[in-house]
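User: I'd like to go through this one with you, salt bridges and strands included. Can you start with the terms?

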Amino acid sequence: QVQLVESGGGLVQPGGSLRLSCAASGFTFRSYWMYWVRQAPGKGLEWVSTINFNGDSTSAADSVKGRFTISRDNAKNTLYLQMYSLTSEDTAVYYCVKDLSDYGLGYPAFGSWGQGTQVTVSS
């Protein structure tokens, strides 16, 4: 069974940084596009960032571009999200998501989700 387990969240002051990790198992991690998606309190789901199979192509939402960096280590079956210059607007549950199909469909198609990790930015 596909399993995605996020970790690294917590409480951080504005301007601080965190690195989120997602441990993947139950599928051929290196063959799948991966995503980070978040949900702020009382808000809907918001796409954060995307990375392709081998990590040589990435994209990010305008709200986090220049502050967040997505990366992956296929040898360790792990996805990362490095976050800098955090603000209260970044407070959310962050989810690791795999694409629906190996090597993608030419557009984002969310498949399995992790349980999420809470990021709280507050002074």
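Analyst: Buried means under 20% relative accessible area, exposed means over 50%, and partly exposed is in between (1.4 Å probe, protein chains only). This is a predicted model, where local features need pLDDT of at least 70, side-chain atom pairs count only at pLDDT 80 or more, and totals for chains, interfaces and linings use all residues. Residues are numbered from 1 along each chain as its sequence is written, and side-chain values use heavy atoms, with hydrogens and water left out.

User: How many salt bridges does a search of the whole structure find?

Analyst: A salt bridge here is a side-chain nitrogen of Lys or Arg within 4 Å of a carboxyl oxygen of Asp or Glu. With that rule, the count over the whole structure is four.

User: Take Asp 62: is it buried or exposed?

Analyst: Asp 62 pairs up with Lys 65 in a salt bridge, closest N and O atoms 3.5 Å apart. Lys 65 has a relative accessible area of 53%, so it is exposed. Asp 62 has 69%, so the word for Asp 62 is exposed.

User: Which residues do salt bridges with shared partners join into one network?

Analyst: Arg 38 bridges to Glu 46, with the closest N and O atoms 2.7 Å apart. Arg 38 also bridges to Asp 90, at 3.0 Å. Through shared partners, the network joins Arg 38, Glu 46, Arg 67 and Asp 90.

User: How many residues apart in sequence are the parts that Arg 38 and Asp 90 tie together?

Analyst: Both residues are buried. Strands are DSSP runs of E, at least two residues, numbered from the N terminus. Arg 38 lies in strand β4 (residues 34-39) and Asp 90 in the loop between β8 (78-83) and β9 (92-99), so the parts they tie together are apart by 52 residues.

User: Which residues make the nonpolar surface patch?

Analyst: A patch takes residues with over 30% relative accessible area and no salt bridge, joining nonpolar side chains (Val, Leu, Ile, Met, Phe, Trp, Tyr) within 5 Å and like charges within 9 Å. Trp 47, in strand β5, has a relative accessible area of 31%. The patch covers about 370 Å², and β5 (45-51) and β10 (110-113) each supply at least two of its residues. Its members are Leu 45, Trp 47, Phe 110 and Trp 113.

User: In the open sheet, what is the order of the four strands?

Analyst: Two strands pair if DSSP finds at least two bridges between them. β1 and β3 (residues 18-25) pair in the antiparallel sense over five bridges, and Val 5 has Ala 23 of β3 as its bridge partner. The order is β1-β3-β8-β7.

How values were computed. Areas by Shrake-Rupley, 256 points an atom, 1.4 Å probe, with all protein chains shown as cover.
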